[in-house]
Amino acid sequence: MNRLFSDIPTTVFEVMSVLARETGAVNLGQGFPDDPGPEDVRRKAAEAVVSGWNQYPPMMGLPELRSAIAAHYAHWQGLDLDPEREVMVTSGATEALAGALMAILEPGDEVVLFQPMYDAYLPLVQRAGGVAKFVTLKPPHWHFDEADLAAAFSARTKAVLFNNPLNPAGIVYGREQLELLARFCVKHDAIAICDEVWEHVVFDGLSHISMLSLPGMRERTVKIGSAGKIFSLTGWKVGLVAAAPDLIRVLAKAHQFLTFTTPPNLQAAVAYGLAKDDSYFTGLRSGLQRSRDRFTAGLHGLGLAVLPSAGTYFLNIDIAPLGESDDVAFCRRMVQSHGVAAIPVSAFYAVDPVTTVVRFCFAKRDATLDAALGRLAALAGAEAL
């Protein structure tokens with residue numbers, strides 16, 4: 001067996017989910033919403049599977065969806081995309097990430113990764129033959145500076161894999177940080193593979209800025225979005241990919257030999273959904289922001305130190321004020337003793353982890369969040385779990 005995959009231990013997500021099931025805990029670990037997603041979009045998928053085309057759709061995606069992607073990003077992010085030459089549909093964002101790395105990297109090429117990071121990044125980079133170079137981000141602001149980038153970039157840098165908004169930190173990077181990263185990409189002739197799946201899940205009046213829109217980045221950015229995140233349908237696995245023609249042509253070859261295509265009924269429903277009125281997208285944000293604020297207030301009321309969250313489904317607490325320094329042990333005790341499952345943020349680091357931050361998913365119904373807060377009430381005034 002390939003040692004890279006055979007030696008990977010059971011993920012912390014599975015460990016915590018198993019413990020949650022065994023103990024009957026409220027599971028705020030894995031990132032999926034309680035909400036079933038917009039009914040009209042789900043009905044479009046059902047109608048399409050009953051009365052639509054169910055044989056192979058075009059490899060690059062249904063023309064109607066590719067056009068809808070281009071129109072959607074023109075409206076929301078001011079991007080000018082050719083749907084025939086610069087847009088592709090994949091079976092989820094993770095497939096898009098894997099395909100981009102396979103298409104871009106040669107063995108020995110260096111890839112800059114920002115940690116904490118989505119746990120698929122490092123194995124995918126390594127399986128594609130890449131060598132990871134890390135920028136380590138730390139709470140509470142999770143920012144990087146010129147010195148951080150200078151230490152990670154080199155003459156061997158081929159690509160940077162950048163997640164904005166950043167899961168699990170809940171940070172939304174603004175123009176200043178993005179332009180700094182763009183300057184390093186241009187200087188080192190590196191391709192930016194941009195995981196922008198949380199682009200619509202931003203709060204407090206913020207707007208997502210795509211790397212694709214920045215000076216010097218139009219020809220060197222792979223933009224990856226997710227219909228699952230946009231419509232709170234995480235099981236659908238429909239990825240939205242945009243890149244310049246020379247890039248998309250090679251990305252398409254990797255896609256061809258990974259999944260080839262994506263279920264046509266889901267594509268038809270996503271095409272419909274992307275054209276929904278602005279009120280759907282603003283309502284998505286306001287609803288999740290309300291849940292964030294409700295859960296944040298509850299955690300503050302328990303005396304817990306909540307870190308800022310400007311996007312994604314997640315917020316974090318700092319457990320250092322509780323006298324804790326081991327987030328893994330803390331999460332195990334929390335699920336076993338208090339019946340609430342969360343994720344230790346150290347699991348999102350490859351080296352030099354931050355070990356005093358714990359992540360909760362707040363994309364849940366009020367009753368779920370309130371139940372978790374009720375179980376965590378025993379933390380109030382306690383020195384440790």
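Lys-229 sits in helix H9, which spans residues 227-230; helices (H or I, at least four residues) and strands (E, at least two) are DSSP runs, numbered from the N terminus. With a relative accessibility of 19%, Lys-229 counts as buried, a label that means under 20% relative accessible area, with exposed meaning over 50% and partly exposed in between (1.4 Å probe, protein chains only). Setting aside neighbours within four places in sequence, Lys-229 is in contact with Val-197, Trp-198, Val-201, Leu-284 and Tyr-313, where contact means heavy atoms within 4.5 Å. Pro-33 is 196 residues away along the chain, and its C-alpha atom is 9.6 Å from that of Lys-229.

The model is a predicted one, so local features need pLDDT of at least 70 and side-chain atom pairs count only at pLDDT 80 or more, while totals for chains, interfaces and linings use all residues. Residues are numbered from 1 along each chain as its sequence is written, and side-chain values use heavy atoms, with hydrogens and water left out.

Ile-209 is another buried residue, at 17% relative accessible area, and it belongs to the loop between strand E6 (191-195) and strand E7 (221-226). Not counting residues up to four places away in sequence, Ile-209 touches Asn-164, Gly-174, Arg-175, Leu-178 and Leu-214.

Next come the helix pairs. Helix H5 (residues 93-104) packs against helix H10 (residues 245-256) at an angle of about 115 degrees, and their axes are 8 Å apart. Axes here are lines fitted to C-alpha atoms, for helices over the stretch in contact, and angles run from 0 to 180 degrees between N-to-C directions. The crossing of H5 and H10 is right-handed; a crossing gets that name if the near helix is turned clockwise from the far one by less than a right angle, and is left-handed if anticlockwise. On the H5 side the contact is made by Glu-95, Gly-99, Ala-100 and Ala-103, and on the H10 side by Val-250, Leu-251, Ala-254 and His-255. Five of these residues are nonpolar, two polar and one charged. In this scheme Ala, Val, Leu, Ile, Met, Phe, Trp, Tyr, Cys and Pro count as nonpolar, Asp, Glu, Lys and Arg as charged, and the others, Gly among them, as polar.

Helix H3 (residues 39-51) and helix H11 (residues 264-274) pack at about 145 degrees, with axes 8 Å apart, and this crossing is right-handed. H3 brings Asp-40, Val-41, Lys-44, Ala-45, Ala-48 and Val-49 to the contact, while H11 brings Asn-265, Leu-266, Ala-268, Ala-269, Tyr-272 and Gly-273. By class, that makes eight nonpolar, two polar and two charged residues.

Then there are the rings. Rings of Phe, Tyr and Trp (its six-membered ring) pair if their centres lie within 6.5 Å; planes under 30 degrees apart count as stacked, over 60 as edge-to-face and the rest as tilted. The count by this rule is 18 aromatic pairs. Phe-114 and Phe-162 have ring centres 5.1 Å apart and planes at 70 degrees, so they form an edge-to-face pair. Phe-114 is in strand E3 (residues 110-115) and Phe-162 in strand E5 (residues 157-163), so this pair ties together parts 48 residues apart in sequence. Phe-114 is buried at 4% relative accessibility, and Phe-162 is buried at 3%. Phe-153 and Phe-184 make a tilted pair, 5.4 Å centre to centre with 50 degrees between the planes. Elsewhere, ring pairs join Trp-76, Phe-231, Tyr-280 and Phe-281 into a cluster.

The charged end of Lys-223 is 4.2 Å from the ring centre of Tyr-73, and Lys-364 lies over the face of Phe-32 at 3.8 Å from the ring centre.

Finally, the backbone. Most residues other than glycine have a negative phi, and most peptide bonds are trans. A cis peptide bond, however, joins Pro-139 and Pro-140, with omega about 5 degrees. Trp-142, buried at 1% relative accessibility, has a positive phi of about 60 degrees.

How values were computed
A charge sits over a ring if NZ of Lys or CZ of Arg is within 6 Å of the ring centre and within 35 degrees of the ring normal.
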